[in-house]
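Dear colleague,

I am handing over the structure below, and I would be grateful if you could look through it alongside my notes.

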Amino acid sequence: MGLEVCVKAAVGALDALGDCPFTQRVLLTLEEKKVPYKLHLIDVSNKPKWFLEVNPEGKVPVVKFDDKWVADSDVIVGILEEKYPNPPLSTPAEFASVGSKIFSTFVTFLKSKDPSDGSEQALLAELKALDEHLKAHGPYVSGENVTAVDLSLAPKLYHLEVALGHFKGWTVPESLSHVLNYMKSLFSRESFEKTKAAKEYVIAGWKPKVNA
């Protein structure tokens with residue numbers, strides 16, 4: 001029996017994995033460390049009673065460690081690193097915040113209704129900084145091996161690609177070749193294939209926020 005993990009079920013398909021990038025980050029870590037786990041798909045718009053009893057805040061993902069449910073992907077990933085040190089995935093401190101603003105700038109641009117508000121430029125600046133970092137240190141953020149920072153960025157870059165492609169017809173510019181290669185290499189990992197939400201569920205998840 002592996003670890004129990006509660007995750008968001010897909011919008012409109014409660015038997016499928018939902019579109020939460022923080023959940024995918026936790027699942028990627030479990031897959032890369034080859035830790036067995038059992039998924040509980042939670043309908044976040046109608047949370048089951050047992051789930052709210054063990055996790056009153058109702059947040060996903062939560063993982064059960066030694067009879068205690070733990071929320072927050074940062075905390076969960078830290079515990080996994082401690083309990084299952086091999087393969088080591090911790091990122092050297094100086095690289096831990098690489099790409100950390102990409103997700104928030106992507107969301108701002110995705111929701112933006114005004115093409116001249118600078119939100120696209122802000123996202124491009126973050127992606128360009130990542131491209132320059134990968135050019136100097138790549139292929140991954142801290143060199144040859146995947147670490148925690150890559151597993152955090154991969155789902156966010158996937159959401160960026162799917163959502164901006166669908167809602168804005170926008171793609172990462174060809175000039176950012178290191179970012180494009182990085183995305184390709186992360187998305188083709190077996191762990192990623194196994195844990196990603198289908199594109200239509202990513203789109204369904206963002207739709208209400210885009211139309212807000």
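**Helix packing**

Phe-103, Phe-106, Val-107, Leu-110 and Lys-111 of H4 are in contact with Trp-206, Lys-209 and Val-210 of H9, where contact means heavy atoms within 4.5 Å, and where helices (H or I, at least four residues) and strands (E, at least two) are DSSP runs numbered from the N terminus. By class, this contact of H4 with H9 has 6 nonpolar, no polar and 2 charged residues, with Ala, Val, Leu, Ile, Met, Phe, Trp, Tyr, Cys and Pro counted as nonpolar, Asp, Glu, Lys and Arg as charged, and the others, Gly among them, as polar. Please bear in mind that this is a predicted model, in which local features need pLDDT of at least 70 and side-chain atom pairs count only at pLDDT 80 or more, while totals for chains, interfaces and linings use all residues. Residues are numbered from 1 along each chain as its sequence is written, and side-chain values use heavy atoms, with hydrogens and water left out.

Helix H4 (residues 102-111) and helix H9 (residues 199-211) pack at an angle of about 60°, their axes being 9 Å apart; the axes are lines fitted to C-alpha atoms, for helices over the stretch in contact, and angles run from 0 to 180 degrees between N-to-C directions. That angle makes H4 oblique to H9, given that angles under 35 degrees count as roughly parallel, over 145 as roughly antiparallel, 65 to 115 as roughly perpendicular and the rest as oblique.

H4 also packs against H5, at an angle of about 155° and with the axes 8 Å apart, which makes H4 roughly antiparallel to H5. The crossing of H4 and H5 is left-handed, meaning that the near helix is turned anticlockwise from the far one by less than a right angle (clockwise would be right-handed). On the H4 side the contact involves Ile-102, Thr-105, Phe-106, Thr-108 and Phe-109, and on the H5 side Ser-119, Glu-120, Ala-122, Leu-123, Glu-126, Leu-127 and Leu-130; these residues divide into 7 nonpolar, 3 polar and 2 charged.

The axes of helix H5 (residues 119-137) and helix H6 (residues 148-168) come within 14 Å and cross at roughly 135°, so that H5 is oblique to H6. Leu-123, Leu-127 and Leu-130 of H5 make this contact with Leu-153, Leu-157, Leu-160 and Leu-164 of H6, which by class gives 7 nonpolar, no polar and no charged residues.

**Backbone geometry**

Most residues other than glycine have a negative phi, and most peptide bonds are trans. Here, however, a cis peptide bond joins Val-60 and Pro-61, with omega about -5°, and Pro-61 is placed in the loop between helix H2 (49-54) and strand S4 (62-65). A cis peptide bond also joins Gly-138 and Pro-139, with omega about 10°, and Pro-139 lies in the loop between H5 and H6. Asp-66, found in the loop between S4 and strand S5 (68-71), has a positive phi near 45°.

With kind regards
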